[in-house]
Amino acid sequence: MKIIVIGYSDYKEKDIIVNAISEDGPISFKVRGALNPNSAFVWLKTPLVTADVNWVENIRYRHQILKEAKLLSSPLVSDASFDTMVDIDFVMEIINKMFPDTEKHLLFHEIEKFLKADRSAELSRPFYQLIFLAKAIQAVGSGLEVDHCVFCDNKDDIVAFSFNEGGFICRSCLQPEMSIHLNPAQMKLVRYVFKTDSYFFDKDKFDGLKKENIKTVFINFNEYIKDGIGVYIEAIDKIINRL
Ligand SMILES: [Zn+2]
């Protein structure tokens, strides 16, 4: 079974309990001797490692016991840079703060795609982080309307975006008392990150993408999460500081 590791806890002696997700739900299993430096499974302690695992089914024990595990990918194998650490912190903070244990697996495929994405193009890293955050906001059921006006469904003449109202607003529905948060370039960016299903940075499409716009969208997303879900994603501050 394919899993993504999201953490572990010490058990008895040198054993650990690995907490992971599959595409269908949460999984936990005991790994014997994993705290021993010579263990073949030390890498199962690394967050966001992807592995193919099998375990011994035994109803006498409280936990399933790992039988065999094959490392499929690790975010740290090819690149242990500070940026990669921030990526790991960012994903872990989002799944731990925004999702209960029974729902973390809703991001299984997003985590896979996010970690595999090619980050060689300038600004592609914060761009993918923004996509991942948008997917998390959608997965908790707080997605925003980016196809038409939230009031009248009009697709034309969209002139504003309001987090309080829930998305796009057209010219005829816009009222002076509404709080407006984004400029047109930022609205385009928000629409893109909510609509896309891949992590691909199309340079032509985003010619002129500015750090300032990415920053503003990040800050607004974090405020929106704070207001709606009551948590604050601190890794976003680290990301903004590095932009
Ligand atoms: Zn309208």
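**Strands, zinc site and pocket**

User: In which sense do β1 and β2 pair, and over how many bridges?
Analyst: The model is a predicted one. Strand β2 covers residues 16-21. Its pairing with β1 is antiparallel, and the count is 6 bridges.

User: Which residue takes a positive phi in the hairpin of β1 and β2?
Analyst: The hairpin of β1 and β2 has 5 residues between the strands. A positive phi near 50 degrees occurs in this hairpin, and the residue that takes it is E13.

User: Which residue of β4 is the bridge partner of I4?
Analyst: Strand β1 (residues 2-10) is joined to strand β4 (residues 50-56) by 3 bridges, and the two run antiparallel. I4 also stands opposite I21 in β2. In β4, the bridge partner of I4 is T50.

User: Which atoms coordinate the zinc ion, and at what distance?
Analyst: Along the chain, the donors follow the spacing C-x2-C-x17-C-x2-C. They are the SG atoms of C149, C152, C170 and C173, and the distance is 2.3 Å.

User: What is the geometry of the site of the zinc ion?
Analyst: Four donors count as tetrahedral if all angles lie between 85 and 135 degrees. Among the 4 donor atoms of the zinc ion, the angles are 105 to 114 degrees. The site is therefore within that range, and its geometry is tetrahedral.

User: Is C170 buried or exposed?
Analyst: The zinc ion is coordinated by C152 and C170, among others. This pair links distant parts of the chain, 18 residues apart, with C152 in the loop between α3 and β6 and C170 in strand β7. C152 counts as partly exposed because its relative accessibility is 38%. The relative accessibility of C170 is 0%, so C170 counts as buried.

User: Which element gives the most to the lining of the second largest pocket?
Analyst: The second largest pocket holds about 240 Å³ of space. Two or more lining residues come from each of α1 (82-98), α3 (124-139) and α6 (235-242). With 4 residues, the element that gives the most is α3.

User: How many residues of the lining of the second largest pocket are charged?
Analyst: The lining of the second largest pocket comprises 15 residues, with D83, R125, P126, R242 and L243 nearest the centre. Of the lining residues, 6 are nonpolar and 2 are polar. The number of charged residues is 7.

Definitions and conventions. Residues are numbered from 1 along each chain as its sequence is written. This is a predicted model: local features need pLDDT of at least 70, side-chain atom pairs count only at pLDDT 80 or more; totals for chains, interfaces and linings use all residues. Side-chain values use heavy atoms; hydrogens and water are left out. Two strands pair if DSSP finds at least two bridges between them. On a 1 Å grid over the protein atoms alone, a cavity is a set of points where a 1.4 Å probe fits but cannot get out, and a pocket is an open set with protein on both sides within 12 Å along at least five of seven lines; lining residues have an atom within 4 Å of a point. Grid points are joined across faces, edges and corners, and a volume is the space filled by probe spheres set on the points. Ala, Val, Leu, Ile, Met, Phe, Trp, Tyr, Cys and Pro count as nonpolar, Asp, Glu, Lys and Arg as charged, and the others, Gly among them, as polar. Donors are N, O and S atoms within 2.8 Å of the metal (3.2 Å for Na, K and Ca); water is not among the atoms, so sites may look incomplete. Four donors count as tetrahedral if all angles lie between 85 and 135 degrees; four count as square planar and six as octahedral if opposite donors are over 155 degrees apart and all others between 65 and 115; anything else is irregular. Buried means under 20% relative accessible area, exposed over 50%, partly exposed in between (1.4 Å probe, protein chains only).
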